[in-house]
Amino acid sequence: MSVIGQDIETAASLLKKGIAVAIPTETVYGLAVNAFDPIAVTSVFTIKNRPDFDPLIVHVGNHEAIRSFTRSVHPVEELLMRKYWPGPMTIILQRNDRIPDIVCSGLDTVGVRMPNHEVTLKLLNLLPFPLAAPSANPFGYISPTRPDHVDRQLGDQIPYILDGGDCSVGVESTILKVENDKVHVLRLGGLSVDRLKEDGFDPVVSDHSSSRPSAPGMLTSHYSPWKKIMPLKDGETPDETTSVLYFSRKPIRKIDRTLSESGDLEEAARNLFRLMRELEQENSTGILVEFVPEVSLGRAINDRLRRACAMG
Ligand code: TXA
Ligand code: MG
């Protein structure tokens with residue numbers, strides 16, 4: 001069992017010693033280490049059982065912090081960072097040697113993000129280094145949105161979970177890359193494509209169903225719990241041993257759940273991973289999931305549901 005606490009100083013002192021600590025963000029909890037310390041970074045791959053071809057996101061507490069480890073920032077990249085940070089947006093930037101190869105799986109780019117969470121922003125601004133942090137779950141499993149989710153899966157491997165309450169967004173950050181002046185969406189997430197369009201960015205969304213992912217770690221089977229999980233077909237009546245995850249329909253049976261009774265996509269995103277975990281614990285043999293409207297955050301929610309179903 002980890003200690004779950006709210007002491008930023010404790011978290012900072014462990015991180016300075018090269019020890020991994022779970023931290024809250026507005027998207028999901030992260031498993032953080034000093035991004036400049038290759039030995040500490042290696043421990044994160046071991047704890048998560050994560051393959052080393054899957055690069056980590058580096059978290060910063062202010063705009064200036066990226067200067068020491070990135071090269072030649074493009075004006076569109078600058079604009080995206082000014083507009084969406086702190087927030088659920090990761091941007092892929094050119095990096096220098098300050099970042100150890102293991103953080104980026106040897107790529108010459110690094111994913112960077114400034115999370116919008118008061119506790120973690122304070123922590124980051126206390127530290128003399130940025131934090132490399134993947135989601136704080138075993139590799140291939142759904143991400144944690146509460147301290148107890150982290151504790152249940154990684155509690156015997158990390159000493160401290162910094163408690164920042166429930167995540168307010170609930171799905172991982174949107175990953176963007178600027179190429180030839182164009183904004184490419186490498187992973188759908190908490191910053192919606194609709195919002196990017198409203199703001200005039202005209203983003204290109206990659207084909208996420210590809211079995212050869214453009215971003216390492218975009219494997220189809222990501223985010224899956226261990227139970228059998230399948231799409232709920234139109235008009236299908238579930239058998240009595242199968243749970244259903246509805247979008248807005250009020251659940252009738254104890255073994256079912258609903259993402260948002262009022263049909264609110266932000267609430268649905270906030271509840272998604274917690275309810276998937278709950279259904280996994282339920283006394284049912286499988287899970288049927290209902291897809292949500294393919295707009296705004298619904299695109300990221302459906303993306304996570306499709307990945308979960310791909311496990312079969
Ligand atoms: O919301 C989030 O982004 C959370 C919180 C903790 O910040 N983090 C997160 O990290 O989701 P993780 O490790 O589960 O996903 C990171 C993904 C990788 O799997 C990869 O797809 C992409 O970020 N990525 C990282 N660096 C990259 C790079 N240089 N080029 C392309 N993709 C990269
Ligand atoms: Mg992850």
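This is a predicted model: local features need pLDDT of at least 70, side-chain atom pairs count only at pLDDT 80 or more; totals for chains, interfaces and linings use all residues.
Valine 178 belongs to strand E9, and, when residues up to four places away in sequence are set aside, its contacts are with His74, Val76, Glu77, Leu80 and Val183. Along the chain valine 178 is 25 residues from proline 203, and the C-alpha atoms of the two are separated by 9.5 Å.

Phenylalanine 201, which is placed in the loop between H6 and E11, has a relative accessibility of 12% and so also counts as buried. Not counting residues up to four places away in sequence, phenylalanine 201 touches Val76, Leu79, Leu80, Lys83, Tyr84, Val183 and Leu196.

## Backbone geometry in the loops

Aspartate 181 has a positive phi of about 70° although it is not a glycine, and its place is the loop between strand E9 (174–179) and strand E10 (182–187). With a relative accessible area of 56%, aspartate 181 is exposed, since that class begins over 50%.

A positive phi, near 50°, is also found at aspartate 202, which lies in the loop between H6 and strand E11 (204–205). The peptide bond between tryptophan 85 and proline 86 is cis, with omega about -10°, and proline 86 is part of the loop between H3 and strand E5 (89–94).

## The second largest pocket

The second largest pocket holds about 340 Å³ of space and has a lining of 20 residues, among which Pro88, Gly190, Leu191, Arg195 and Glu266 lie nearest its centre. Two or more lining residues come from each of helix H3 (75–84), helix H6 (193–198) and helix H7 (265–281), and H6 gives the most, with 3 residues.

## Helix H8

Helix H8 covers residues 298–310, and at 1.5 Å a residue its 13 residues should span 18 Å, which agrees with the 18 Å between its end C-alpha atoms. Because 11 of the 13 residues of H8 are buried, the helix is largely enclosed by the rest of the structure. The buried residues are Gly298, Arg299, Ala300, Ile301, Asn302, Asp303, Arg304, Leu305, Arg307, Ala308 and Cys309, a list that includes the charged residues Arg299, Asp303, Arg304 and Arg307.

Serine 243 is situated in strand E13 (residues 242–246), and its relative accessible area of 0% places it among the buried residues. The side chain of serine 243 makes a polar contact of 2.7 Å with the side chain of serine 284. Apart from neighbours within four places in sequence, the residues in contact with serine 243 are Arg253, Ile255, Asp256, Leu279, Glu282, Ser284, Gly286, Ile287 and Leu288; one of these, Leu279, falls within the residue range of helix H7 (265–281).

Valine 110, in strand E6 (residues 109–113), is buried at 1% relative accessibility. Valine 110 is 17 residues from leucine 93 in sequence, with their C-alpha atoms 5.4 Å apart in space. Leucine 93 is also among the residues that valine 110 touches once those up to four places away are left out, the others being Val58, Phe69, Thr70, Ile91, Ile92, Arg95 and Cys104.

Asparagine 34 lies in strand E3 (residues 30–34) and is likewise buried, with a relative accessible area of 12%. Its side chain reaches the backbone nitrogen of phenylalanine 36 at 2.8 Å. Beyond its neighbours within four places in sequence, asparagine 34 is in contact with Leu15, Ala40, Val41, Phe129, Pro130 and Leu131.

Key:
Residues are numbered from 1 along each chain as its sequence is written. Chains are lettered from A and ligands numbered from 1 in the order in which they are written. Side-chain values use heavy atoms; hydrogens and water are left out. Helices (H or I, at least four residues) and strands (E, at least two) are DSSP runs, numbered from the N terminus. Buried means under 20% relative accessible area, exposed over 50%, partly exposed in between (1.4 Å probe, protein chains only). A polar contact is a pair of N or O atoms within 3.5 Å; within protein, one must be able to donate a hydrogen and the other to accept it, and residues adjacent in sequence count only if both atoms are side-chain atoms. Contact means heavy atoms within 4.5 Å. The expected span of a helix is 1.5 Å times one less than its number of residues. On a 1 Å grid over the protein atoms alone, a cavity is a set of points where a 1.4 Å probe fits but cannot get out, and a pocket is an open set with protein on both sides within 12 Å along at least five of seven lines; lining residues have an atom within 4 Å of a point. Grid points are joined across faces, edges and corners, and a volume is the space filled by probe spheres set on the points.
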